[in-house]
Amino acid sequence: MVRWILFAQRCARRAAVCAMLAAGIANAQPATDAARDLPASNLSADDAQAGASRFLAAPGFARATVAVNPAAPGATPVGEKTCIACHQLESEHFTHTLHALGLHAASKADPSIPVCETCHGPGSAHARDPQQAGLIIGYTRTSGTPIAVQTKTCLTCHAGGARDHWLGSIHQRNELSCSDCHNPMAKFSGDGLLARRSIDETCAQCHKDVRVQFDRRSHMPLPEGKMSCVDCHNPHGSLTEPLLKTNTVNETCYQCHAEKRGPFLFEHAPVRDNCLTCHTPHGSNQHALLVAPVPFLCQQCHAQTGHPNELQTPNSLGNGRHPDERLMGRACLTCHAQIHGSNAPSGPKFHE
Amino acid sequence: MHRNVPALRRSLLTTALLATPLFAAADTGAGVDTWRASKLDPTAGAASATPDPRGTSWLSPGQRRSPGGMLYLCPAEPPDLTDAGDWAWYGNVQFGYLSTSGDDGNALWNRYVAWDSGLVLGLLQLSARRAADGSYADVRANRTSEDDAFFEAAFGRAGSYKVQAFLRELPNVLSHNAKPIWNGVGTNALTLPANLSPAGSTTEQVAAASAATPERTLKVTRSKQGVGFDMFLSPQWTVHANFSDEERNGARPFGGAFYYGFAFPDNAAVFETTKPIDDRTINLGAALRYAGPVWRMDFAYAGSFYRDRYTRYTYENPFALTPIVPGATSPPLVRGQFATEPDNGYHNLRATFTRKLPWNGEASLTASAGQMRQNDALIAPIDCTGTFGIDGDGSGVPGPNNPFLYSCAQWNTPAALSRPRADLAIDTTRVDARATLQPGERFTLRAGATFNRDDYRGTYLAYNPLTGDYGYITENGAAGSLVPGAVGTWNPLTSPSAIVRVRNLPLDRETTSANLGADFRASEHNTFGATASFKRDERTNRERERADTSSVKLTWINRALAGVTLRANATWLKRRGDDYVYDPYGFTYSTSLPGFVPPPDGVPSFTVDAMRKYDLADVDETKFDVMATLALAADMTLSATVRGDRNDYDAQIGRQRYDTLGATLQWEWQPSPATRASAYFGYDMSRLDLANVGDVNTTPDPTLGGANYPDSARWWSTDRQHNRNAGFTLDRSVGRWRFDAAWNALYARGITDFRFNSGSALAYFADSIGGIRDGAFPALKYRVDSVTVGATYAWSERWSVRVFDLVERGRIEDWHYFGFDAERAFGRRIYTDGGPEDYRANLIGVLVDVKL
């Protein structure tokens with residue numbers, strides 16, 4: 001069965017190539033296709049001036065050039081229409097992406113600006129031998145294009161900004177390609193040209209262990225679609241581990257919890273130091289993303305003379321023999337409610 | 001006291017929102033607000049799109065795989081465009097009706113959703129494109145319920161500019177069974193109902209009032225709006241700006257200060273009040289970026305401004321206070337108070353310069369500086385009138401003969417403070433340099449160094465110029481009302497031996513770190529990496545001035561086997577430092593003031609000398625992480641992760657060990673555009689060991705095993721958490737029908753057990769009677785089973801209808817709230833929140849989808 005499928009694939013590919021070459025490439029698609037309206041390029045047709053736009057190319061696309069493919073040094077550009085001759089269905093899906101919109105408009109304004117070959121490199125060698133991997137820059141596992149070439153091609157246009165620290169980042173060092181997370185060939189996600197339907201689903205391809213933590217009792221509103229992994233992390237590389245978007249853990253948290261920023265008249269030292277001293281960010285079965293149940297969470301540090309260092313037993317629960325506020329409900333936080341810091345002059349014990 | 005956001009500023013903001021081109025930046029490099037969707041469809045429409053039955057390509061069946069080995073999705077059917085002059089547009093609207101039943105008010109069921117029966121706008125999507133110049137406009141909106149909705153709009157020109165705006169309502173239901181005894185929930189003045197007298201009600205009266213209070217929901221809603229702008233100034237230069245304004249409104253369960261209920265059950269009181277949430281945060285961001293062939297530059301500003309409507313909130317105290325001094329009385333204490341979080345402002349400027357180097361390398365230098373600042377007006381030390389404390393001689397007049405009775409007039413005013421405003425700031429500085437060189441195709445060298453510094457600006461001395469006292473009023477006077485000398489003040493003449501807090505705690509920190517690493521591609525399918533890192537943390541006023549952390553990390557990436565991608569890493573980390581000072585906080589206490597007279601038995605030890613706080617203690621850490629992706633067949637993928645982390649802390653008292661171990665397995669199958677299925681299973685556990693010791697005396701001896709902290713009072717606890725997750729999804733199209741099903745389950749179980757040497761370790765000695773030396777708390781359980789089944793019927797190319805049912809059952813047992821279902825008044829302990837509860841809820845929806 002598999003051999004029959006492979007045979008059918010080979011036939012289909014060869015038939016398409018034959019058709020492309022025989023038909024003179026340019027008119028190989030049905031007139032009803034959206035791709036019919038795509039602009040010509042000076043690389044593939046002689047009607048470039050006829051399609052000239054009244055607009056200048058947008059700056060972001062004005063310098064788009066044919067990508068360099070080290071695996072096909074002698075290849076030359078063939079133009080989008082040639083590509084579409086075989087990749088018609090891909091073109092239909094691609095046409096509705098922001099990349100296509102920008103590249104088509106730019107190509108219409110300046111016919112020297114390529115479309116497909118901006119990302120895939122010159123197509124002539126691939127057109128001659130479509131079965132040979134690597135002759136076109138591909139973004140799949142079996143494309144034959146090294147990951148470094150894939151990412152370098154994307155960064156030709158997308159260098160800097162949020163991707164300023166890609167080189168040396170944990171994802172780069174783990175040999176992720178841009179196309180592990182993005183698939184610009186169609187609109188799979190509402191935003192971001194992602195490979196999956198959302199940012200969270202994209203990250204969960206590899207980080208499922210983190211994603212399931214968000215199903216726990218206390219979590220941030222990620223499963224509810226109200227935020228994403230990228231609110232805190234920059235998957236393209238950052239200066240702060242683990243790929244945080246700000247200089248510190250606390251500054252990341254303050255982006256949504258600005259009331260915790262202070263500084264406070266009376267500070268709780270580990271709180272000022274790092275929110276993760278007490279909280280786990282991706283989900284907890286304790287109240288409020290706490291690492292451990294109170295009062296034991298607090299008793300990891302507090303052995304002061306007085307009451308914080310006493311061991312409570314289940315007899316101190318609300319249904320126990322001697323209910324004790326140090327264990328019930330919010331436990332320590334019932335009295336030390338301002339645990340993130342107090343601005344009350346009478347609040348050094350975070351009581352007020 | 002109450003802060004109103006000036007009406008003028010609101011007007012200006014509204015005008016700005018209307019006048020500014022609408023848009024809000026979703027940048028992976030800075031800021032939040034990167035995603036807006038609803039729980040009806042967290043993918044913001046992608047999940048409901050119909051897969052193209054033709055697949056991805058005519059040339060090959062099925063889906064290709066990403067470089068990492070995951071199957072790409074089948075693309076959705078291309079939209080049907082409608083021409084409108086130069087523009088073409090498409091869109092769809094999904095509307096219908098939701099019906100909820102069962103325990104549909106439960107807080108866990110409604111977390112961040114606020115489900116409600118009624119009409120809903122599932123999703124509105126409109127997109128317009130002008131092919132001539134690449135212009136576009138997009139609108140997306142949802143309204144699940146009153147507090148759960150969003151609207152976003154964007155327009156721009158691809159490669160030129162983008163303008164975007166959004167509005168969003170985000171609910172956070174915190175309690176569905178709250179029984180606050182006070183009126184005015186959500187305001188800054190909680191008052192008692194008419195049947196309770198402030199400072200004059202009996203325990204029975206308050207318990208009756210609590211029992212009679214109907215349950216209500218406490219929630220906080222975040223309402224946010226934002227605008228943003230991105231633009232190419234040239235092919236190399238871009239500019240970005242964004243602005244957002246968020247208001248939070250509602251109330252949440254909060255503490256209530258008073259005194260030790262466990263020690264003085266008939267005198268003191270403990271409250272769980274409700275805190276009003278009524279604040280606003282404005283965030284600003286802007287960046288100018290250059291990306292050229294050799295140089296890149298990034299100049300950025302981030303600002304954030306928090307404003308709380310209130311500087312404090314008050315609550316009325318129903319109980320009379322009785323001092324422990326026989327025969328003495330206390331004046332009534334009517335109110336308690338809490339300061340709210342102070343208004344604050346944050347600015348940060350950052351510049352990054354990156355230059356390409358020979359050997360396919362890059363060097364980057366980033367410098368940033370910022371400040372967090374607040375200068376809120378400080379509230380008075382106490383809110384009372386007349387006198388407070390202990391009226392020892394019955395005269396009701398403070399004075400030398402009545403030393404524990406105090407005049408409110410000398411403490412209930414900001415004039416009783418050493419200064420009226422906080423005037424505090426933290427200056428932040430960071431410099432980061434890094435370089436990467438790739439001298440050969442197979443070899444990469446990396447190096448980096450970072451300097452980070454937080455300078456704490458501002459000191460506060462707790463001094464009352466009206467009385468000459470240092471310190472504060474403990475527990476809003478309740479302590480002073482109960483125990484002689486426990487009011488919280490020090491005076492060189494009247495209380496020279498009182499040990500009280502008199503200063504704030506500035507927390508400066510400086511971190512210097514460096515790393516050096518290399519990656520070596522041994523073969524086409526094997527890459528090995530190694531990174532050595534060193535970090536030095538220097539802190540002021542902490543137990544350790546210097547902590548050094550060194551680590552080595554090894555990585556391995558393997559793609560040698562067909563269809564398999566394996567990524568593995570292991571890290572060994574060690575933290576050491578200089579001497580650990582168990583009590584560095586003496587300078588913030590009255591013991592540091594001139595004139596302090598040590599008590600006859602000496603200054604009691606603050607804590608045990610063997611305590612090692614885990615954020616500073618010596619630790620040895622070993623962790624590993626393995627990820628594997630396996631192509632089981634052309635249309636099937638199996639991926640797995642295993643990770644573990646072991647931390648051994650060098651602490652006799654404190655955290656001793658924290659280990660985690662977890663594994664996940666997920667399976668995906670896409671045999672055709674019409675069928676897609678997936679399943680996953682995950683398990684993880686954690687173990688946390690801690691040790692502590694009770695105190696049996698109040699001598700200066702801090703030693704473990706000494707007079708204060710004898711070995712007999714030592715105790716240990718272990719907390720073990722186990723989580724199991726599983727799920728399954730199926731999406732199948734048959735003709736005009738499309739069926740979907742999803743099942744998700746979580747079973748979490750936590751056990752906290754303990755052991756102790758003797759009853760001296762316990763809060764209640766009696767719990768050790770009978771030779772008991774160990775025990776465990778009841779299991780803390782959380783179990784959720786959620787099933788969704790849906791069917792979509794397309795009766796034309798434009799119209800379809802989806803019917804679905806979401807059934808969810810949650811079961812939770814949290815021992816913190818044992819007994820709360822029967823009552824919220826435990827003697828003079830009055831609780832508001834009843835805690836999380838089991839639920840079984842059902843959501844049925846009918847959504848009509850129309851392609852516009």
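Predicted model: local features only at pLDDT ≥ 70, side-chain atom pairs only at ≥ 80, totals over all residues.
Which residue of S22(B) is the bridge partner of Asn464(B)? The bridge partner is Asp469(B).

Asn464(B) and Asp469(B) are partners across two strands, S21(B) and S22(B), which run antiparallel and are joined by two bridges. Strand S22 of chain B covers residues 469-471. The sheet is open and has three strands, in the order S21-S22-S23 (chain B), with antiparallel pairing. At its edges lie strand S21 (463-464) and strand S23 (489-490) of chain B, each of which pairs on one side only.

Within it, Phe271(B) is placed opposite Ile830(B) of S38(B).

**Strands S30, S31 and S32 of chain B**

Strand S31 of chain B, residues 675-693, pairs with strand S30 of chain B, residues 654-672. S31(B) is also joined to strand S32 of chain B, residues 714-734. The table sets out these two pairings, with one pair of bridge partners for each.

| Pairing | Sense | Bridges | Bridge partners |
|---|---|---|---|
| S30(B) and S31(B) | antiparallel | 16 bridges | Tyr658(B) and Leu688(B) |
| S31(B) and S32(B) | antiparallel | 19 bridges | Arg676(B) and Asp731(B) |

The link from S30(B) to S31(B) is a hairpin of two residues. On S32(B), Asp731(B) is the bridge partner of Arg676(B).

**Chain A**

What does the secondary structure of chain A come to? Chain A has 16 helices and zero strands. Of its 352 residues, 64% are buried. When contacts in chain A between residues at least 6 apart in sequence are considered, 58% of them join residues at least 24 apart.

The domain assignment divides chain A into domain 1 (12-128), domain 2 (147-219) and domain 3 (260-335). Domain 1 of chain A contributes eleven residues to its contact with domain 2 of chain A, which contributes nine residues. On the side of domain 1 of chain A that touches domain 2 of chain A, helix H4 (88-94) and helix H5 (98-109) of chain A each supply at least two residues. H4(A) provides the largest share of that side, namely three residues. By class, this side of domain 1 of chain A holds six nonpolar residues, four polar residues and one charged residue.

**Contact between the chains**

How many residues of chain B are in contact with chain A? There are 184 such residues in chain B, and they meet 144 residues of chain A. Strand S19 of chain B, residues 424-440, gives eight residues to the side of chain B that touches chain A, the largest share. That side of chain B comprises 89 nonpolar, 58 polar and 37 charged residues.

Conventions: Residues numbered from 1 in each chain as written. Chains lettered and ligands numbered in written order. Pairing = 2+ DSSP bridges. Helix = DSSP H or I, 4+ residues; strand = E, 2+ residues; numbered from the N terminus. Contact = placed C-beta atoms within 7 Å. Nonpolar A, V, L, I, M, F, W, Y, C, P; charged D, E, K, R; others polar. Domains from an automatic or database assignment. Buried ≥ 20, exposed ≤ 12 C-beta atoms within 10 Å, placed from the backbone.
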